[in-house]
Amino acid sequence: MKHYLNISDIDHLPTWVDEAIQLKKDPRAQQHLGQGKTLGLFFFNNSLRTRLSTQKAAKNLGMEVMVMNFGTDGWQLEYEDGAVMDQGCAEHIKEAAQVVSQYCDIMAVRSFAQLQDRDADTAEKVLNGFKKYASIPIVNMESATAHPLQALADAITLEEHRKAKKPKVVLSWAPHPRALPHAVANSFVEMMKAQTEMDFVITHPEGYALNPNLTADCVIETDQEKALTDADFVYVKNWSSYESYGQVLNNHDHWTITPEKLGKAQFMHCLPIRRNVVATDAVLDGDQSLVIAQANNRTFAAQLVLQKLLEHQSKIK
Amino acid sequence: MKHYLNISDIDHLPTWVDEAIQLKKDPRAQQHLGQGKTLGLFFFNNSLRTRLSTQKAAKNLGMEVMVMNFGTDGWQLEYEDGAVMDQGCAEHIKEAAQVVSQYCDIMAVRSFAQLQDRDADTAEKVLNGFKKYASIPIVNMESATAHPLQALADAITLEEHRKAKKPKVVLSWAPHPRALPHAVANSFVEMMKAQTEMDFVITHPEGYALNPNLTADCVIETDQEKALTDADFVYVKNWSSYESYGQVLNNHDHWTITPEKLGKAQFMHCLPIRRNVVATDAVLDGDQSLVIAQANNRTFAAQLVLQKLLEHQSKIK
Amino acid sequence: MKHYLNISDIDHLPTWVDEAIQLKKDPRAQQHLGQGKTLGLFFFNNSLRTRLSTQKAAKNLGMEVMVMNFGTDGWQLEYEDGAVMDQGCAEHIKEAAQVVSQYCDIMAVRSFAQLQDRDADTAEKVLNGFKKYASIPIVNMESATAHPLQALADAITLEEHRKAKKPKVVLSWAPHPRALPHAVANSFVEMMKAQTEMDFVITHPEGYALNPNLTADCVIETDQEKALTDADFVYVKNWSSYESYGQVLNNHDHWTITPEKLGKAQFMHCLPIRRNVVATDAVLDGDQSLVIAQANNRTFAAQLVLQKLLEHQSKIK
């Protein structure tokens with residue numbers, strides 16, 4: 001694996017999940033792997049879990065970490081090829097990516113969707129810009145269209161908490177006051193498609209269909225109640241419209257997850273979560289909530305990814 | 001000790017002070033204690049001394065440190081139980097505290113008083129929110145009402161510089177252009193009440209009485225000159241009115257500390273200090289100033305606290 | 001060497017360059033030197049290369065690093081002696097410098113020119129304030145008038161890429177949409193004056209003469225084409241007028257560096273660079289560009305400086 005940009009960079013998901021679960025038993029056993037290696041964490045957007053868990057993962061592997069709020073600590077980047085840079089941007093991605101590659105052995109980038117222009121978000125100019133010009137492996141810490149560290153953590157959490165032989169997992173849209181990106185939902189869908197022993201249903205109101213290329217083979221049910229029937233896991237997430245790109249459509253308050261809707265299922269969410277909007281307090285404070293277990297698994301998802309990249313680097317040398 | 005939130009978390013102050021003074025002789029002697037342990041420093045407000053000295057202390061103990069400006073790097077937190085989170089706050093303290101507990105072994109928090117509402121500040125929603133929901137020890141890096149790392153550093157400094165058998169220590173209010181919190185003064189008072197061999201006097205203009213519950217047993221003298229007579233240490237600090245909560249009352253420029261007022265006493269202040277407002281240049285640049293010694297002791301106060309928390313953790317395992 | 005504030009702090013440039021080139025062969029060979037030592041990086045301005053390369057250098061030497069955006073994370077500093085601090089500044093440089101000296105073994109500071117007042121910038125109040133009051137060595141990470149870490153990295157790059165016995169090096173002004181400081185150009189000139197086996201020419205439009213005290217012995221040629229003839233290295237940089245201090249004078253778009261102007265010379269720039277304003281894409285993407293090599297050498301320039309300071313400290317103890 002050269003980069004970790006997407007769930008599709010995982011060769012065999014069940015193996016990775018097993019490896020991550022093994023790694024949790026003694027997280028600092030591979031301290032030698034990262035000795036003398038440096039991870040750069042570059043944030044163009046806010047972060048709590050990703051910021052802390054990725055640092056923690058790197059330290060577990062013995063790496064040095066340099067964290068930088070790229071947007072505010074560094075220079076505003078230009079991404080256009082051939083641009084005449086006489087406006088606000090002081091540095092081109094071509095130089096930024098090559099320069100960072102001089103100081104780091106692996107870099108990780110967070111750059112959210114702007115939800116203004118679907119084609120622009122789909123182009124992933126920040127992540128792909130770094131990929132194109134950097135000479136080191138890149139880890140996606142949530143880009144415009146994908147959050148594969150979250151989805152890997154979710155896969156670990158599903159495995160650790162599954163009881164049924166073939167559990168039913170439902171991805172349910174939920175309301176939110178602001179327009180949110182599709183990255184978490186996209187990567188969750190991709191991860192579920194790589195699962196071999198789970199049933200998967202997506203449910204959302206009309207108008208909130210995800211990228212149809214991604215969900216082509218998925219069961220989609222716009223009746224939330226029907227979708228949730230006999231669920232073992234309910235993964236909840238808001239996203240804005242993909243068709244009416246970036247829009248928040250009519251009020252769908254009745255999509256809030258309640259204990260009644262949840263039934264006997266276990267509840268999952270990537271956090272941060274708006275209490276009593278996305279899900280009620282009773283759901284989040286109840287025994288069926290796995291949100292903290294998911295957050296904890298972010299460390300081990302990141303650690304497995306970094307370990308794979310370090311192993312790949314030492315092999316090619 | 002489970003947390004370090006207040007001076008009252010110290011079981012026996014003189015013993016702690018002795019231990020801190022011992023620890024200064026070889027600050028890195030306990031490197032093994034923090035091996036593989038992570039400290040999270042979370043700032044909701046600015047910081048120089050606390051930011052650097054607490055990091056330094058953790059590194060002296062062999063810990064990893066993750067520093068985060070919580071307010072700007074993470075998500076705005078909701079503290080109300082049962083809130084319907086459809087406004088500006090993206091994450092509830094319940095999740096934030098539990099999540100941070102997954103990545104850190106100890107966390108430290110700075111969150112100042114807002115000086116708008118006395119009851120709100122007294123409730124210490126940030127510090128107490130983390131305490132209530134976190135599963136790891138919490139260190140107070142200055143909350144709305146207390147700054148116990150500063151007061152412990154001050155106790156060490158007093159001990160190192162005392163000459164008299166029973167020195168007289170005066171806490172004197174001083175002028176300042178802005179309304180300041182009571183945290184430093186509160187913790188200094190609490191620390192002085194735990195001293196066994198010192199005389200303690202508080203002096204401030206009319207209207208600037210500290211929380212009367214805290215100063216119930218203290219000698220209070222509103223005539224500054226009288227209070228300062230024969231002082232061995234003068235600890236200077238501005239605070240806004242507690243009664244007219246958060247207000248700056250009439251002009252009290254004549255309360256500025258001068259060499260004449262100081263006499264033979266040693267001068268203490270927590271820093272940052274407004275020169276020629278709180279105290280004159282001659283005081284700060286003179287031989288009787290202990291402010292840099294106090295700042296230096298911040299490292300060892302923090303280190304002793306972290307050491308106690310690490311030792312407690314290893315005992316209960 | 002007590003501090004590294006300027007190129008003049010280097011006793012013998014060719015020796016330093018040789019040492020840096022040696023050090024690159026095994027950058028982590030001196031891990032013991034920095035054990036238990038702490039470097040503080042204090043930024044009053046944005047930074048990418050300096051921020052990352054100086055951290056990397058310190059880690060290569062086994063040091064701990066504390067990074068702080070001084071302006072936004074700490075307190076606004078007062079620099080005037082005798083100031084009555086009843087306005088916006090909460091802390092005086094006298095205390096800030098002494099306090100930082102308690103927690104760090106070496107400190108590094110970035111504080112750019114403000115380009116409002118030549119005398120004020122020349123006074124270097126931030127860097128000189130820290131120098132005056134700190135008790136630890138100070139490294140200049142770009143001050144109002146000098147950027148000696150960049151110039152040392154440039155000297156290393158020149159040495160690694162020289163082919164001619166006595167190469168001709170041209171420092172050429174280039175256009176830029178904003179008013180920029182003179183620091184990089186100044187230190188490059190000073191560094192070139194310390195070179196023994198190179199020819200040096202400065203070229204700039206009328207009105208852009210650098211500080212004449214600095215360039216007194218230099219060849220200056222205002223005809224860019226003439227200056228660039230037979231150049232082996234072209235070091236390109238914009239700066240605002242020194243005479244009409246901080247001003248951007250008439251349009252000089254024709255000073256943009258193109259492959260035609262470059263000829264067979266190798267191209268150097270400190271980055272960040274405005275593409276197609278300072279130099280065209282063809283220059284930056286061509287084989288003659290050394291900009292990434294220069295950025296890479298920032299690590300080893302910083303590392304050599306830190307190593308010299310650590311060795312000096314251990315000698316005087």
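1. A quick term before we start: two strands pair if DSSP finds at least two bridges between them. Keep in mind, too, that this is a predicted model. With that in hand, look at chain C, where strand E7 (residues 168-173) and strand E8 (residues 199-203) pair in the parallel sense over 5 bridges. To find one of the partners by eye, go to Val170(C): Val201(C) in E8(C) is its bridge partner.

2. In chain C, 5 strands make up an open sheet, running in the order E9-E8-E7-E10-E11 with parallel pairing. At the edges sit strand E9 (219-220) and strand E11 (266-268) of chain C, each of which pairs on one side only.

3. Now hop over to chain A for a helix pair. Helix H7 (residues 148-161) and helix H8 (residues 183-193) of chain A pack at an angle of about 50°, and their axes are 8 Å apart. That angle is why H7(A) counts as oblique to H8(A). The crossing of H7(A) past H8(A) is right-handed.

4. Who touches whom here? On the H7(A) side, the residues include Ala151(A), Ala155(A) and Leu158(A), and they meet an H8(A) set that includes Val184(A), Phe188(A) and Met191(A). Sorted by type, the residues of this H7(A)-H8(A) contact come out as 8 nonpolar, 2 polar and 1 charged.

5. One record to know about: an unreviewed UniProt entry annotates residues 2-160 of chain A as "domain: Aspartate/ornithine carbamoyltransferase carbamoyl-P binding". In the model, that span is 42% helix and 15% strand, and its end C-alpha atoms lie 28 Å apart.

How values were computed. Residues numbered from 1 in each chain as written. Chains lettered and ligands numbered in written order. Predicted model: local features only at pLDDT ≥ 70, side-chain atom pairs only at ≥ 80, totals over all residues. Heavy atoms only, no water. Helix = DSSP H or I, 4+ residues; strand = E, 2+ residues; numbered from the N terminus. Axes fitted to C-alpha atoms, helices over the stretch in contact; angles between N-to-C directions. Parallel < 35°, antiparallel > 145°, perpendicular 65-115°, else oblique. Left-handed = near helix turned anticlockwise from the far one by under 90°. Contact = heavy atoms within 4.5 Å. Nonpolar A, V, L, I, M, F, W, Y, C, P; charged D, E, K, R; others polar. UniProt positions renumbered as here; feature names shortened; annotations may be inferred.
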